[in-house]
Amino acid sequence: MPGPGAMRWLAALAVAAGLIAQSVFSARSLEAGYFAARGDAARRTGDFEAARELYHRANRADPWDGNRLRDEADATRETLGAEASAPLYAAALQAGPYFPLTLLGAATNFV
């Protein structure tokens, strides 16, 4: 059994690993939000090709948001047609809503 000093080091290492993992996840979420916002702006100006590319970059950074996948599918439908957008719509249905917001909404309803 490790001594108290070793246990403190293991606890500190676990906390540091958790902070690093959270930082990486946060950075990827910020990147996804940045590209999604630029995609929204491009779509509002009518530049669906740029919007499709920006949404694709956002989805590569954080692929778990069904709403953003649906935005990419909409932009793809406008530029490449319905057949090219069908797999993206299917992926959006499988991904569902943005998971952290769903958990937050569930917790709020529970309280």
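**Group meeting: the helices and their core**

Let's start at Ala75. Setting aside neighbours within four places in sequence, Ala75 is in contact with Phe48, Ala51, Arg52 and Tyr55. Contact here means heavy atoms within 4.5 Å.

A word on the model. It is predicted, so local features need pLDDT of at least 70 and side-chain atom pairs 80 or more, while totals for chains, interfaces and linings use all residues. Residues are numbered from 1 along each chain as its sequence is written, and side-chain values use heavy atoms, with hydrogens and water left out.

Which residues make up the largest nonpolar core? There are 10 residues in all: Ala32, Phe35, Ala36, Ala42, Ala51, Leu54, Tyr55, Ala58, Ala61 and Ala75. Such a core is a set of buried Ala, Val, Leu, Ile, Met, Phe, Trp, Tyr and Cys residues joined through side-chain atoms within 4.5 Å. Buried is under 20% relative accessible area, exposed over 50%, partly exposed in between (1.4 Å probe, protein chains only). H1 and H2 each give two or more residues to this core. H2 gives the largest share, five residues.

Now helix H1, residues 4–44. Helices are DSSP runs of H or I, at least four residues, numbered from the N terminus. H1 has 41 residues and reaches 60 Å from first C-alpha to last, close to the 60 Å expected at 1.5 Å a residue. That expected span is 1.5 Å times one less than the number of residues.

The buried residues of H1 are Ala32, Phe35, Ala36, Gly39 and Ala42. They pack against helix H2 (48–61) and helix H3 (66–80).

Leu13 is also in H1. Buried or exposed? Leu13 is exposed, because its relative accessible area is 58%.
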